[in-house]
Amino acid sequence: MTRKNTWAILAVAVVLSLPLTACKDTKTLQENEQLKTQVAELQKENGQLGNDLETMTAARDALTRENEKFKAEIKALKTKSSGKKAASRKRRRS
């Protein structure tokens, strides 16, 4: 009789634990779906940031080239103006 009660209690415990297990699985599935959505959003943002990085790198390179061009122009203007100053210094005093 005791064995029958033990088996009955065990069977009841198993039957009662099944909905709890199914509930946990449902929660886990919902969490997995949420995480998949978040991962997809992060991948999209990562792609956009990669595009932004390429755009900014190209802009930086263009500015660097422009800066070098201006430096060359300034250097050329300095050499021209320094030549004039040198010529004015060579004047003889009476």
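This is a predicted model: local features need pLDDT of at least 70, side-chain atom pairs count only at pLDDT 80 or more; totals for chains, interfaces and linings use all residues.
The chain contains one helix and zero strands, and buried residues account for 0% of its 94 residues. The accessible surface of the chain amounts to about 9,400 Å², with carbon and sulfur atoms contributing 60% of that area.

A nonpolar patch on the surface is formed by Trp7, Leu10, Val14 and Leu18, which together present about 450 Å² of accessible area. Of these residues, Leu10 lies in helix α1, which spans residues 2–89. Leu10 is classed as partly exposed because its relative accessibility is 45%, a value that falls between the limits of 20% for buried and 50% for exposed residues.

Side chains of opposite charge can pair when their charged atoms come close. Two salt bridges are found in the structure. In one of them, Lys36 is joined to Glu33, with a distance of 3.8 Å between the closest N and O atoms. Lys36 and Glu33 are three residues apart in helix α1, and therefore about one helical turn separates them. With a relative accessible area of 54%, Lys36 is exposed, whereas Glu33, for which the corresponding value is 46%, is partly exposed.

A salt bridge also links the side chains of Arg60 and Asp61, where the distance from N to O is 3.0 Å. Asp61 has a relative accessibility of 29% and so counts as partly exposed.

Key:
Residues are numbered from 1 along each chain as its sequence is written. Side-chain values use heavy atoms; hydrogens and water are left out. Patches are made of residues with over 30% relative accessible area and no salt bridge: like charges are joined within 9 Å, nonpolar side chains (Val, Leu, Ile, Met, Phe, Trp, Tyr) within 5 Å. Accessible areas come from the Shrake-Rupley method with a 1.4 Å probe; for residues, only the protein chains shown count as cover. A salt bridge is a side-chain nitrogen of Lys or Arg within 4 Å of a carboxyl oxygen of Asp or Glu. Helices (H or I, at least four residues) and strands (E, at least two) are DSSP runs, numbered from the N terminus. Buried means under 20% relative accessible area, exposed over 50%, partly exposed in between (1.4 Å probe, protein chains only).
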